[in-house]
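Keep the sequence and the structure open side by side.

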Amino acid sequence: MRLLCPPRRVGCRLLGFAVVPTTRLEAATAGVRSSTSAAASAAAAAATAAANRSHGLLGARVPHRTLRRDPPPFRPRASRPRMAAGGARPSAPTSSTDAGVHGDAGSHVAEASGRWAGAFTDPVADGAPIPIDVLLPRGVRGWLDGLPPAVKAWLTTTRPTLARAAGPPPGTIVLVPSLGDEEGAIARALLVVAPGGEGGVWAYAGLPAALPAGVFELVPADGVAPIGDGPALGWALGAYSWDRYKKKGSAAADAAKPTLVWPAGADRAMVGAAAAATYLTRDLVSEPASALGPAELEAAVRGVAAAFPGATVDAVVGDDLLSAGWPMVHAVGRAAAVGREPRLIELRWTGPEAQDRPEVVLVGKGVVFDTGGVNVKTTAGMRTMKKDMAGAAQTLGLAHMIMATGLPIRLRLLIPAVENAISGNSFRTSDVLTARNGLTSEIVSTDAEGRLILADALVAACEPPGSPISRPHPIASVDDDGADDEASTMAAAAPVVGGMPPPAPPGTPALVVDCATLTGAQRVAMGPDIPSFWTHHDAVAARLDAAAAAADDLVWRLPLHEPYRKMLSSSVADCVNCSSGGYAGAITAALYLDQFVPRGVPWVHIDFMGFNAAASPGRPEGGEAMGLRALYGLIHERFSRH
């Protein structure tokens, strides 16, 4: 983005709305060159004077109980038990009386999913908003001709690219000073957008950080598409910031922010649902692991469910995972401290008149912090590992968006939530772990833990609708005569490595989607900004590509290359948990998960970064949703039609 002399205030009445905090990009102030015309000099002086003046989810700690449908009451935080003599861990609390909590998770969820609204206002009756002229590059010269001569002379002197025949590059933002009596005011602003991209999201996302406080309105020029959902959402995402742990009272935290008059062509409900989902995802990922453990993640799920009638949440926690058939979730998370026990979290919701509609299952990787286990990560590798639950955050945000828009589906969300910690009872390299469906995995690396917990969850995702999470997977039972009476159901359980998964049994979901920050290899292949997806179903892939393009939310398909399956072969178990040699790591991870999904079930696996390592317009440093709106578009297009 290019920014011209952002002043600190504007000549308009502020309305006192609660404005969403935003990460302010440092404005690059163009120097005012000397001009041969007195008018240009006056405009330069006015602009120089203008330039010279110019948040989290602390959830409730949930008690260690097998199944819960209601969130626990708020209680003051209790001190954690100390380690017993000899290093033995005390037993986990078993009731809400014994367990402390970290706060009201529901209120934090509501704050995260609702504060985007402060970035907008309805049209004001007692004052005209400041126009933001939206132009294509070729239209800028004509726009200059309509400005006062003094302003045009100053702009063409200080910003020569504005006068080029081809126009300035897309993304250029210019603030036009007012020549009126109020010193430091601006008269209007300019945003240059690329041809064909004027309806997108990210072309507008840099505006909130570039503009001073005031009320603004987007005004498309001739030849520019009408302003609709994309620009409004871009503004909302650009208004986001994460400053929960910054000292209050600082200039950055307290600065007034601009607000936008709602574009007439925007669907407010849809924009709000997408913004709320993204804010929620970003907030959860940005929370430090000290504040967001498995219990707090469960509380966040309960906070979301509380906002939607009919949504229910269950959880299986701690050692109860073993008897309930979640052995790999337990193995990965068992080394965590008391109060941070592993758990399987389930949310269920049925849309309006959707009792007989298809079931969509979302599965999110919820590793709240990843040390790498006994294959410990380096300092640099562990630096951002609070983000290893971004898959859980994104699927929770997607579930929020689905429920907020009332899609006519039956929704199920499964989040295996663990901390991959290091302790005397950590799982080890060379261990053999058994999944929920009986498939065994030889552990090559404890740092490939996310796929293990996802495997248990994917098995459960493909079980018949209504299957309780408190019971193990119904692995084939044998009658007295030795006959297998559930062969059709169990055919989907555990394909051998190198073989094709068998057909899906009746009653399985219409779509299964998992999201995970699964492999560094994906980031090496695609970079930090482009999520990859895998599916066996070409029709699903085509719909997802179309939805991504429509939502301005890029995803990219990679292959489930069958010959690479041999890289997962093991001499002691059904498979290894990750390939050796450093080749095709993202693809072999997807192939590992593929073993736990019946081939007949439409399944999409998303591997993504989930984090912005550096800020860019509309994308502040920290947690990020990637592919969320594309997935919503896929589900909406596929299941909203009757």
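The model is a predicted one. G206 sits in the loop that joins β4 (186-192) to α5 (207-210). Its C-alpha atom is 9.1 Å from that of L237, a residue 31 positions away along the chain.

Helix α6 covers residues 229-238, and helix α8 covers residues 268-286. Their axes are 10 Å apart and the packing angle is about 30°. Angles under 35 degrees count as roughly parallel. That makes α6 and α8 roughly parallel. Their crossing is right-handed.

M401 belongs to helix α13. What does M401 touch, once residues up to four places away in sequence are set aside? The list is M270, A273, A274, A277, L628 and Y632. M401 and M270 are 131 residues apart in sequence, yet their C-alpha atoms are 8.7 Å apart in space. Is M401 buried or exposed? Its relative accessibility is 3%, so M401 counts as buried.

L628 and Y632 also belong to the contact between α13 and α19. Helix α13 spans residues 390-405, and helix α19 spans residues 628-639. The two axes come within 10 Å and cross at roughly 45°. An angle between the roughly parallel and roughly perpendicular ranges counts as oblique. α13 and α19 are therefore oblique to each other. The crossing of α13 past α19 is right-handed. From α13, the residues in contact are Q394, G397, L398, M401, I402 and T405. From α19, they are L628, L631, Y632 and I635. The contact of α13 with α19 comprises seven nonpolar and three polar residues, with no charged residues.

α19 also packs against α17, which runs through residues 538-551. Here the axes are 8 Å apart, at an angle of about 120°. α17 and α19 are therefore oblique to each other. α17 passes α19 in a right-handed crossing. The α17 residues are V540, R543, L544, A547, A548 and A551. They meet R629, A630, L631, G633, L634, E637 and R638 in α19. The class count for the contact of α17 with α19 is eight nonpolar, one polar and four charged. L631 of α19 takes part in this contact, and L631 is also listed in the contact with α13.

Now turn to the aromatic rings. How many aromatic pairs does a search of the whole structure find? The search finds six. Elsewhere in the list of rings, W116, F120 and W262 are linked by ring pairs into a cluster.

Two backbone angles close the tour. S430 has a phi near 85°, a positive value in a residue other than glycine. S430 lies in the loop between β11 (410-420) and β12 (432-434). Its relative accessibility is 51%, so S430 counts as exposed. A584 also has a positive phi, near 50°, and is likewise a residue other than glycine. A584 is placed in the loop between β17 (575-576) and α18 (585-594). At 25% relative accessibility, A584 counts as partly exposed.

Notes
Residues are numbered from 1 along each chain as its sequence is written. This is a predicted model: local features need pLDDT of at least 70, side-chain atom pairs count only at pLDDT 80 or more; totals for chains, interfaces and linings use all residues. Side-chain values use heavy atoms; hydrogens and water are left out. Axes are lines fitted to C-alpha atoms, for helices over the stretch in contact, and angles run from 0 to 180 degrees between N-to-C directions. Helices (H or I, at least four residues) and strands (E, at least two) are DSSP runs, numbered from the N terminus. Angles under 35 degrees count as roughly parallel, over 145 as roughly antiparallel, 65 to 115 as roughly perpendicular and the rest as oblique. A crossing is left-handed if the near helix is turned anticlockwise from the far one by less than a right angle, and right-handed if clockwise. Contact means heavy atoms within 4.5 Å. Ala, Val, Leu, Ile, Met, Phe, Trp, Tyr, Cys and Pro count as nonpolar, Asp, Glu, Lys and Arg as charged, and the others, Gly among them, as polar. Rings of Phe, Tyr and Trp (its six-membered ring) pair if their centres lie within 6.5 Å; planes under 30 degrees apart count as stacked, over 60 as edge-to-face and the rest as tilted. Buried means under 20% relative accessible area, exposed over 50%, partly exposed in between (1.4 Å probe, protein chains only).
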